[in-house]
Amino acid sequence: TAYVMPERGPPDVGKMLGGEEKEEDPDAAKKEEERQEALRQQEEERKAKYAKMEAERERMRQGIRDKYGLKKREEAEAEAAAAVEEPAAGSLTRPKKAVPAGCGDEEEEESIMDTVMKYLPGPLQDMLKK
């Protein structure tokens, strides 16, 4: 007994041969709108779930920070950036000014000279005071 293939072609052969076409579902637009609304609702639920999980993680992180006296990563980075911008204490170089010399406060320039004088040896201080 030989196997005989059923006489059917691909599902769209009927259309190609001029046969009947599927009628569009009159409720197709309504169904599509419901499907889109369901997708939006699922997306909102997913975002809410993620936000809740992230809030729980942040509470745990904060508990660890409090327990061990750690700072938040953003705060630590901000302090490191501020430390880089500040001149080192005891630095021999003068801090850079945004305003050229002579245009700023005279008091500030005098206080810088006083600070420099403190670090100079005695004979040099005497020479510069004259």
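**Salt bridges and surface of a helical chain**

The side chains of E37 and R40 meet in a salt bridge, at 3.1 Å from N to O. A salt bridge here is a side-chain nitrogen of Lys or Arg within 4 Å of a carboxyl oxygen of Asp or Glu. The model is predicted: local features need pLDDT of at least 70, side-chain atom pairs count only at pLDDT 80 or more, and totals for chains, interfaces and linings use all residues. Residues are numbered from 1 along each chain as its sequence is written, and side-chain values use heavy atoms, with hydrogens and water left out.

E37 and R40 are three residues apart in helix α2, so about one helical turn separates them. An α-helix has 3.6 residues a turn, so residues three or four places apart point the same way. Side chains of opposite charge can pair when their charged atoms come close. E37 is partly exposed, with a relative accessible area of 43%. R40 is also partly exposed, at 44%.

The chain has five helices and zero strands. From the N terminus on, its elements run α-α-α-α-α. Helices (H or I, at least four residues) and strands (E, at least two) are DSSP runs, numbered from the N terminus. Helix α2 has 41 residues. From its first C-alpha to its last, α2 reaches 60 Å, close to the 60 Å expected at 1.5 Å a residue. The expected span is 1.5 Å times one less than the number of residues.

Confidence was examined next. pLDDT is the predictor's confidence in each residue, from 0 to 100. The mean pLDDT of the chain is 76, and 61% of its residues reach 70 or more. Confidence is highest in α2, at a mean of 95. It is lowest in helix α1 (residues 13-16), at a mean of 59. Where pLDDT is low, the predicted coordinates should not be read in detail.

A search of the whole structure finds 10 salt bridges. E54, R57, E58, R61, R65 and K72 are linked in a network of such bridges. Within it, the side chains of E54 and R61 meet at 3.2 Å, N to O. E54 is partly exposed, at 26% relative accessibility. R61 is partly exposed too, at 35%. E58 forms a salt bridge with R65, the closest N and O atoms being 3.2 Å apart. E58 counts as partly exposed, at 27% relative accessibility.

R65 lies in helix α2. At 12% relative accessibility, R65 counts as buried. Leaving aside neighbours within four places in sequence, R65 is in contact with E58, L70, K71 and K72. Contact means heavy atoms within 4.5 Å. Of the 130 residues of the chain, 2% count as buried.

The surface was then considered. The chain exposes about 12800 Å², and carbon and sulfur atoms supply 55% of it. Accessible areas come from the Shrake-Rupley method with a 1.4 Å probe; for residues, only the protein chains shown count as cover. I64, Y68 and L70 form a nonpolar patch on the surface, with about 340 Å² of accessible area together. Patches are made of residues with over 30% relative accessible area and no salt bridge: like charges are joined within 9 Å, and nonpolar side chains (Val, Leu, Ile, Met, Phe, Trp, Tyr) within 5 Å. Y68 belongs to helix α2 (residues 28-68). Y68 is exposed, with a relative accessible area of 54%. Just after α2, G69 takes a positive phi of about 70 degrees.

Leaving aside neighbours within four places in sequence, L128 is in contact with M117 and L120. L128 and M113 are 15 residues apart along the chain, and their C-alpha atoms are separated by 10.0 Å.

Technical notes
Buried means under 20% relative accessible area, exposed over 50%, partly exposed in between (1.4 Å probe, protein chains only).
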